[in-house]
Amino acid sequence: MPVDGLLSVTWLVIVLPLAGAALLLLGGRRTDRWGHLLATGTVVAAFALAVACTVALTDRAGRAVSLDLFTFIDTGSLDVTAGLLLDPLSAVFVLLITGVGALIHVYSIGYMAHDPGRRRFFAYLNLFVAAMLLLVLGNSYVALYVGWEGVGLASYLLIAFWHTRPAAATAAKKAFLMNRVGDVGLALAIFIMFAQLGTTSYAGVFGAVGLLAGGTVTAIGLLLLLGACGKSGQFPLQAWLPDAMEGPTPVSALIHAATMVTAGVYLIARSAPLYDATPTARTVVLAVGAVTLLIGAIAGCAHDDIKKVLAYSTVSQIGYMFLAVGLGPVGYAAAIAHLLAHGFFKAGLFLGAGSVMHAMDDTVDMRRFGGLARRLPITFVTFGLGYLALIGFPFLSGWWTKDAIIEVALDRGGWSGWLLGGVAVLGAGLTAFYMTRLMLMTFFGRPRWEDGVHPHEAPPSMTAPMVLLAVGSVAAGFLLVAVFPLSGWLEPVFGEPEEAAHLVSPLVVSIVVTVVVALGALTAWLYVGRREVPTTAPARVSPVVTAARRGLYADTVNESLVMRPGMWLTRALVWLDARGVDGAVNGAAAALGGGSARLGRVQTGFVRSYALGILGGAVLVAGALLAVTA
Amino acid sequence: MSDVPWLVLMIAVPAVGAAVVAALPAAREALARQLALAVSLLVLLLAVLTTIAFDPGGDRFQLTTAVAWIPDFGVEFALGVDGIALSMLLLIGVLVPVVVGASWRDTPMPRPGRPARSMTAFWAWLLLLESLMVGVFAATDVFLFYVFFEAMLVPMYFLIGSFGGPNRQYAAVKFFLYSLLGGLVMLASVIGLYVVSNSQLGEGTFAFDALRQLEIDPNVQKLLFAGFFLAFAIKAPLVPFHTWLPDSGAEAPIGGAVLLVGVLDKVGTFGFLRYCLPLFPDASRDLAPWVLVLAVAGIIYAALLAVGQSDMKRLVSYTSIAHFGFIALGIFAFTTEAATGAVLYMVNHGIATGLLFIVVGMVIARGGSRQIRDYGGLAAKAPLLAGVFLLAGLASLALPGTNSFVSEFLVLIGAFPTRPVFTIIATVGIVLAALYVLLMYQRVMHGPPRGVLLVDEDDAGDGETLRPASGTGGATAVLEAPARARVLAVRDLSRREIAVVTPLVALILVLGVYPQPLIDLVSPAVEATMTDIGVDPGGSTPAAPGSTGTGGTD
Amino acid sequence: MTITNYLVLAAILFTIGAVGVLVRRNAIVVFMCIELMLNSVNLTLITFARSTGTVEGQVIALFVMVVAAAEVVVGLAIIMSIYRTRRSASVDDVNLLKY
Amino acid sequence: MGAIEAPDLSYAALAPLLFVFGAACTGVLVEAFVPRAVRHPVQVAIALVGTIGALVATLLLAGTEEITAAGALAVDGPALFLQGTIAVLGALSVLLFSERALDPARSAFVAAAAVPAGSVRDRELATSERVQTEIYPLATFAIGGMMLFTAANDLLIMFVALEVLSLPLYLLCGLARRRRLLSQEAAVKYFLLGAFASAFFLYGLALVYGATGSVRLSDVRVAVVTEGGSALMVLGLGLLVVGLMFKASVAPFHSWTPDVYQGAPTAVTAFMAAATKVAAFGAVLRLLYVAFGTADWTWRPLIYALAIVSMVVGAVLGLTQTDVKRMLAYSSIAHAGFLLTGVIGLGPDGTGYGLAATMFYLLAYGLTTLGAFGLLTLVRDGDGEATHLSQWAGLAQRSPLVAALMSFFLLALAGIPLTSGFTGKFAVFRAAIEVGAWPLVVTALVASAIAAFFYLRVIVLMYFSDPAPDGPTVGVPGLPTTIVLAVTAAATLVLGVLPGSVLDLAEAAAVFVG
């Protein structure tokens with residue numbers, strides 16, 4: 001079907017921010033003055049264009065356009081075309097990315113106002129938006145892979161934005177490396193697709209899933225999952241995400257909360273046809289989601305660094321999404337819905353946190369906060385709304401989307417259904433606990449500020465986005481579930497959502513959940529709301545808390561299982577190469593030299609010994625010849 | 001246009017240039033380097049014209065010249081290029097001017113109590129090297145190829161030996177002997193080939209096209225193959241024949257290192273593709289598994305070693321060894337996709353690693369030390385330098401969007417259908433690649449300022465002390481750090497340096513986004529090679545039953 | 001007496017000469033041993049001339065004598081010159097050049 | 001009583017020999033009758049006329065194939081080619097001898113050999129302008145002997161030629177003006193061992209004569225064919241080979257080579273290294289191909305082994321030498337091994353590329369090594385030539401030209417392409433592989449890789465290290481040496497880049513008669 005009119009320039013959505021990035025990076029200091037405005041402009045324009053395209057998409061049969069731009073690689077039987085696919089799924093993501101992206105750009109104008117590297121920051125941010133858009137818009141796994149690594153790079157650059165801080169530099173490297181581990185999975189999955197089907201385009205692969213042997217599909221599914229885990233900070237590759245908070249807060253908001261880390265969910269949702277063919281892989285997805293959900297929630301309970309808490313919360317929330325996509329067709333829509341809602345409130349929360357840090361001279365230790373509600377009213381309100389949305393306060397977005405997931409989990413039935421449902425509910429409770437704890441420690445109670453700190457509300461350029469996002473956090477869930485059901489919109493992608501026969505009535509579910517959430521919040525109040533919060537973390541605590549503080553020992557495991565052995569191996573190899581391989585070479589040379597010196601001793605300089613040599617030679621020759629003839 | 005002897009010109013021009021420069025008095029250094037630049041640019045122009053004259057769809061070898069040279073041995077001075085060779089010629093054409101620019105301010109390593117030596121000889125050797133490099137890729141007569149192959153050693157030997165770092169003598173001799181040994185063993189095979197042709201065709205010949213027609217007994221093939229293979233495995237270094245490269249790469253002046261790793265060593269992989277496969281198809285097929293073991297072992301082994309290096313130039317050399325592993329994997333996987341990838345890899349690696357070497361050289365030129373630990377936090381003061389450094393690093397870890405991604409992706413995806421296990425192991429290598437690149441980048445560019453570039457506030461101001469290493473040998477000298485220091489005294493890229501890196505940066509990005517023209521240039525030659533070893537040039541066929549794939553159509 | 005005896009005798013003489021070269025120190029004596037070797041060869045030649053009934057053998061023997069004489073001239077000259085310098089004719093003393 | 005008919009001598013075919021021997025005899029007369037003042041130029045002129053005349057004659061004779069002097073001499077392709085080669089090398093050596101610009105005392109040869117070294121008279125002579133002129137007739141005789149050697153179609157002639165070429169060399173070795181002790185020692189060693197070896201040769205001759213009843217190579221071949229190789233004959237062959245291998249300085253009969261090469265006057269060393277090898281291999285080829293060509297099973301394994309031993313010994317022992325002359329001596333031992341590799345390349349019934357290859361190699365190697373030794377005479381210090389490696393450090397900065405030339409010769413000896421050394425190696429290796437001797441060739445290649453190291457070491461010293469403060473000076477050569485260097489360098493280059501015509505010549509000449 002010919003693509004014309006607006007949709008034929010969908011590529012502009014990507015090119016706009018990319019151009020912005022290029023201009024800022026190449027333009028150099030010349031662009032210092034207006035660079036950030038340009039960057040923001042491009043993203044806003046991209047958002048506008050995205051909206052227009054989406055609208056144009058709605059009245060189009062099949063609600064999908066595939067756009068072939070140019071031949072990327074064509075040799076042998078491999079033919080990779082650089083092409084875009086705009087369908088409901090990618091459209092949703094494009095809107096999220098450009099929308100939230102635009103808001104955060106605006107926010108950053110204020111947030112980074114005094115940073116010498118502001119131009120660089122906006123350039124990277126634009127670069128990220130472009131890469132992320134490519135990731136979701138690509139019409140083949142290769143295109144996705146390109147975007148996939150692109151966002152990885154952007155994330156690396158932005159985490160390490162304040163690169164003179166060793167912690168930031170290290171965190172960035174860690175993030176990139178753990179992502180690369182995931183990328184290996186993704187790459188191998190692509191190789192298998194090509195080897196089996198001779199194509200890597202969505203159309204080609206999904207069209208031929210039926211031809212694949214069961215084992216093959218499972219392999220592909222698991223490898224894709226590995227990639228997803230890397231990108232989305234899911235177990236066992238979750239350890240990089242909390243460290244990534246070393247980056248500027250807007251980055252945490254955009255990349256490590258709203259968009260990039262949800263790419264894993266997108267990948268699995270996008271690969272639905274594959275997963276539909278492999279229950280095994282899907283079950284693993286479920287497991288990963290459930291486990292991560294708990295890990296994130298538990299670790300979130302014990303941290304005092306406001307951003308780390310939010311980060312673990314992100315890990316845990318994405319766990320919910322994995323859980324949902326792991327549940328299959330019934331869960332896809334729910335997952336995406338939660339993803340969008342999460343995009344709003346988590347971005348809002350991070351921006352709020354940023355505003356708090358802005359006010360507190362970049363302190364992140366919640367034990368030094370307290371009583372900020374009065375000093376930062378707007379922040380307090382917006383943050384509060386986000387908080388309520390997140391813990392699933394009735395009729396806010398979290399409530400709609402999270403309950404949906406829990407329902408679907410329970411509907412799975414059987415012991416696994418109960419288990420998953422239970423985990424999900426428990427997670428909700430924990431979420432309520434750590435978020436309430438965060439709220440109380442930050443905004444309520446007696447100020448525990450360090451001396452010389454004078455909290456003040458952030459400038460409008462920062463508060464405005466927070467307000468918008470807060471609105472989103474409140475409304476998104478309602479809109480996406482009740483008003484314009486997302487499942488309907490996504491139907492062309494995931495097919496007709498079958499009306500599941502509820503094992504447990506939704507009403508009961510939401511009541512139970514609400515109760516659990518309330519309990520969680522109450523516990524938090526008992527801990528930190530009722531009594532004084534010590535300004536330094538108590539040292540003597542239960543092993544559980546210690547474990548939680550150390551992110552359930554994820555880093556410890558990585559270090560002892562991978563890093564140290566790796567370092568030992570490297571040292572050993574360096575030694576081997578110098579002494580062993582090269583030693584053999586030099587040794588051979590030395591041996592020759594030594595042999596030469598020793599042999600040279602035969603040359604004594606005595607005529608008679610020479611004569612002996614000649615005679616001996618003659619005898620040998622004669623003997624040999626006689627032997628030959630005889 | 002195609003009746004102009006482009007290839008002869010490409011060999012003759014730099015050779016003549018070398019002679020002229022060598023004839024200059026030692027004092028006329030400035031003139032010498034200007035001449036060198038002019039000549040190398042002229043060669044670049046010739047390379048471009050050659051490419052225009054070349055018709056990708058035409059015969060396998062084009063722009064051929066053939067003159068009887070040593071009739072008694074049936075040796076011809078026969079030149080001709082296919083897409084693969086041509087792409088290498090283009091690479092040479094691009095790299096040499098860049099190298100000239102990069103070495104513009106180099107001086108021989110100062111020796112205590114002796115007057116500084118003149119660089120004139122450097123430029124002469126450089127041009128001679130260019131001429132011989134062109135010859136080795138353009139030769140279609142095995143004897144001629146061998147002659148260039150060996151003769152190439154001499155200029156590089158002198159480049160390393162007289163303009164290299166502190167340990168240059170050891171490195172130069174090691175390089176020369178190692179390569180010579182390989183070359184001599186290959187000579188045995190070359191002669192063997194000649195003798196076979198003599199017995200089969202009545203009169204001995206070295207013409208590639210004639211030799212390809214020979215029907216050689218498999219066992220003889222194995223012997224001959226072994227001879228060629230050893231020579232190429234030493235050149236392109238495959239583990240365990242690699243230990244000369246880190247020494248040479250580290251001690252050579254930056255310009256020499258770039259050409260050594262960027263072009264010279266490609267002769268090895270080029271040789272696999274041009275000579276080993278077509279001439280000894282059976283042997284290649286039988287021995288491929290063993291070669292692949294070396295290749296893949298090299299990818300992992302060299303990458304781990306790179307992680308463990310403390311010397312930037314050694315590190316880059318080790319990364320190259322790993323990359324050569326990928327190229328070998330692509331060649332011996334026997335699929336069109338992988339082989340195409342390998343050829344692209346040869347070009348891209350030349351560009352990416354060339355840039356990496358040049359940038360490392362620029363860092364060394366500022367700090368005067370090759371040790372990573374002597375630097376830190378440069379990014380704060382020299383963002384451009386850091387940016388280019390990062391880009392070069394990303395290119396060498398094959399990040400999508402850079403040229404290397406295309407080639408690495410092609411190699412792996414092409415090798416997977418025939419050699420899944422090897423490919424999976426190789427794919428793990430991409431994590432290690434990220435590790436060694438980012439480790440070096442973080443230690444040198446990130447973190448708080450530290451290392452040899454820290455100087456006291458007061459003398460940080462004026463320009464010249466900003467380059468403590470200015471006038472140290474080819475950016476290879478070792479300088480001990482100033483004692484107490486406070487601010488980082490490092491200059492960002494100068495105009496000249498920007499001019500040097502720009503073309504490579506541009507190529508990295510352009511070839512990363514739109515590689516198809518290059519692919520179209522090389523794939524006919526690759527397909528021909530695949531046909532030689534009896535592989536369907538159409539590419540690998542999908543394994544899934546009933547799957548038609550989308551081969552070349554969608 | 002069969003010709004074998006002569007041949008064996010010649011061989012023995014040759015060996016004695018060769019061994020003499022190895023064991024004697026005085027250059028003159030060494031040289032004489034070489035002459036002995038040559039003459040043993042002469043004996044062999046004569047014997048073969050007889051056995052094969054050709055004259056070449058005898059002719060060659062004459063040649064050998066002449067050549068030997070020439071050798072003596074040259075040899076003694078050389079030995080004399082070095083003897084004059086070193087005041088010793090021992091071949092073991094001339095070993096400045098070695099290894 | 002029938003009249004004695006004199007043996008037919010075709011003087012035309014013998015022209016080269018006649019030229020040289022004529023020159024030699026004239027030289028002797030000149031010594032006797034021409035006043036000392038003018039002797040030197042006259043002697044040089046005569047020697048040059050003789051050698052160059054011989055060269056011209058060989059060129060004119062090209063293509064002749066005849067047996068003359070009652071079958072004692074064979075004037076055929078190989079003989080003429082090698083005679084020509086020897087004539088060229090001889091002429092160049094004579095030029096080296098006649099160099100008068102380098103040594104402050106205007107000659108590298110002792111004024112009066114009879115004067116004891118170190119005596120008062122010797123010391124005053126050492127600085128006097130008086131020069132030695134007997135060297136020219138001696139050298140000319142040696143050259144004549146060598147040329148005779150290559151043409152000898154008869155073991156007796158071969159023996160006589162052997163002595164004719166050896167005796168003058170023994171003397172020449174002892175005639176150095178400086179470091180006379182070393183020179184005399186070299187002479188003694190060379191003489192005693194040479195005589196010793198020639199005794200073996202002679203005994204071998206006797207045995208072969210006994211086995212076949214003749215010393216004529218053609219008769220020997222016939223006898224081999226008819227009777228097959230009897231133990232006696234094979235033993236004889238063995239001893240003959242020993243004698244020849246000694247002259248060709250093939251291990252294990254090489255022990256004299258380093259000492260003599262080091263001790264002898266450099267010009268003489270150059271002459272020996274170049275010309276003697278040619279002559280010796282000429283004889284080896286003729287003996288093995290003509291007399292025993294049909295019974296190659298007897299000698300092939302032997303030569304095979306000797307080749308390997310010689311290459312390895314030469315290459316390995318060369319590694320640790322610290323004296324350039326000595327190092328080149330070991331290199332010449334290794335090259336003898338490479339030459340034997342060519343000798344192996346004799347195909348069934350006389351075909352095969354071996355002969356041509358070996359002859360070409362001889363020409364190429366002779367010229368290169370002559371040039372290399374000639375170059376040594378330029379680098380001097382207080383007492384004569386500075387041949388210790390350490391003295392060569394940083395020579396490139398003292399005299400770029402000399403360093404470059406030396407590097408070129410060394411690269412040629414190492415067999416780097418575009419030098420004659422490579423073409424020669426290629427030729428002989430090809431010949432060997434054609435007869436299936438590829439293990440030998442691989443050994444040879446590894447050996448040459450090892451040998452390359454010590455050639456390379458000199459280059460490293462000259463270019464990459466700093467000159468010692470009290471290093472040697474580089475003398476400005478006079479016309480003769482300049483000519484030698486120019487010719488040899490040019491030849492080394494031409495034979496490397498465009499060897500076609502010379503290879504043709506060698507191939508055309510590669511047929512033995514008789």
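Predicted model: local features only at pLDDT ≥ 70, side-chain atom pairs only at ≥ 80, totals over all residues.
**Helix pairs**

| Helix pair | Axes come within | Crossing angle, roughly |
|---|---|---|
| α1(D), residues 11-33, and α5(D), residues 135-151 | 8 Å | 160° |
| α16(D), residues 400-414, and α19(D), residues 479-497 | 11 Å | 45° |
| α18(B) and α20(B), residues 495-513 | 6 Å | 45° |

Start with α1(D) and α5(D). Their axes cross at roughly 160°, and this makes α1(D) roughly antiparallel to α5(D). On the α1(D) side, the contact is made by Pro16(D), Leu17(D), Val20(D), Phe21(D), Ala23(D), Ala24(D), Gly27(D), Val28(D) and Glu31(D). On the α5(D) side, the residues are Tyr136(D), Pro137(D), Thr140(D), Phe141(D), Ile143(D), Gly144(D), Met147(D) and Leu148(D). By class, this contact has 13 nonpolar, 3 polar and 1 charged residues.

Next come α16(D) and α19(D). The axes cross at roughly 45°, which makes α16(D) oblique to α19(D). From α16(D), Leu405(D), Phe408(D), Phe409(D) and Ala412(D) take part. They meet Leu485(D), Ala489(D), Thr492(D) and Gly496(D) of α19(D). The contact holds 6 nonpolar residues, 2 polar and no charged.

The axes of α18(B) and α20(B) come within 6 Å and cross at roughly 45°. α18(B) is therefore oblique to α20(B). Asn403(B), Phe405(B) and Val406(B) of α18(B) make the contact with Leu507(B), Ile508(B), Leu511(B) and Gly512(B) of α20(B). Here the classes are 5 nonpolar, 2 polar and no charged.

**Chain A**

Chain A has 630 residues, and 59% of them are buried. Its secondary structure comes to 25 helices and 2 strands. Along the principal axes, its C-alpha atoms fill a box of roughly 110 × 65 × 60 Å. Of the contacts in chain A with a separation of 6 or more, 81% join residues 24 or more positions apart.

**Chain contacts**

There are 5 pairs of chains that touch, and the most contacts are between chains A and B. That contact takes 57 residues from chain B and 48 from chain A. On the chain B side, α13 (281-307), α15 (336-367), α16 (378-381), α18 (403-418), α19 (420-445) and α21 (516-532) each supply at least two residues. α19(B) gives the most, with 10 residues. The side of chain B that touches chain A has 30 nonpolar, 25 polar and 2 charged residues.

Chain B and chain C do not touch. Their nearest C-alpha atoms are 25 Å apart.

**Ala611(A)**

Ala611(A) sits in helix α25 of chain A. It counts as buried because it has 25 C-beta neighbours inside 10 Å, where the cut-off is 20 or more. Leaving aside neighbours within four places in sequence, Ala611(A) is in contact with Val21(C), Leu22(C), Leu193(D) and Phe196(D). The C-alpha atom of Ala611(A) is separated by 96 Å from that of Gly354(A), 257 residues apart along the chain.

In soluble globular proteins, nonpolar side chains tend to be buried together. In this model, the largest nonpolar core has 748 residues. Helix α7 (residues 180-212) of chain D gives the most to this core, with 22 residues. Leu323(A) and Leu329(B) have the most contacts inside the core. Not counting residues up to four places away in sequence, Leu323(A) touches Leu286(A), Gly289(A), Ala290(A), Leu293(A), Ile405(A), Ala409(A), Leu420(A) and Ala424(A).

Methods: Residues numbered from 1 in each chain as written. Chains lettered and ligands numbered in written order. Contact = placed C-beta atoms within 7 Å. Helix = DSSP H or I, 4+ residues; strand = E, 2+ residues; numbered from the N terminus. Nonpolar A, V, L, I, M, F, W, Y, C, P; charged D, E, K, R; others polar. Axes fitted to C-alpha atoms, helices over the stretch in contact; angles between N-to-C directions. Parallel < 35°, antiparallel > 145°, perpendicular 65-115°, else oblique. Buried ≥ 20, exposed ≤ 12 C-beta atoms within 10 Å, placed from the backbone. Core = buried A, V, L, I, M, F, W, Y, C linked by C-beta atoms within 7 Å.
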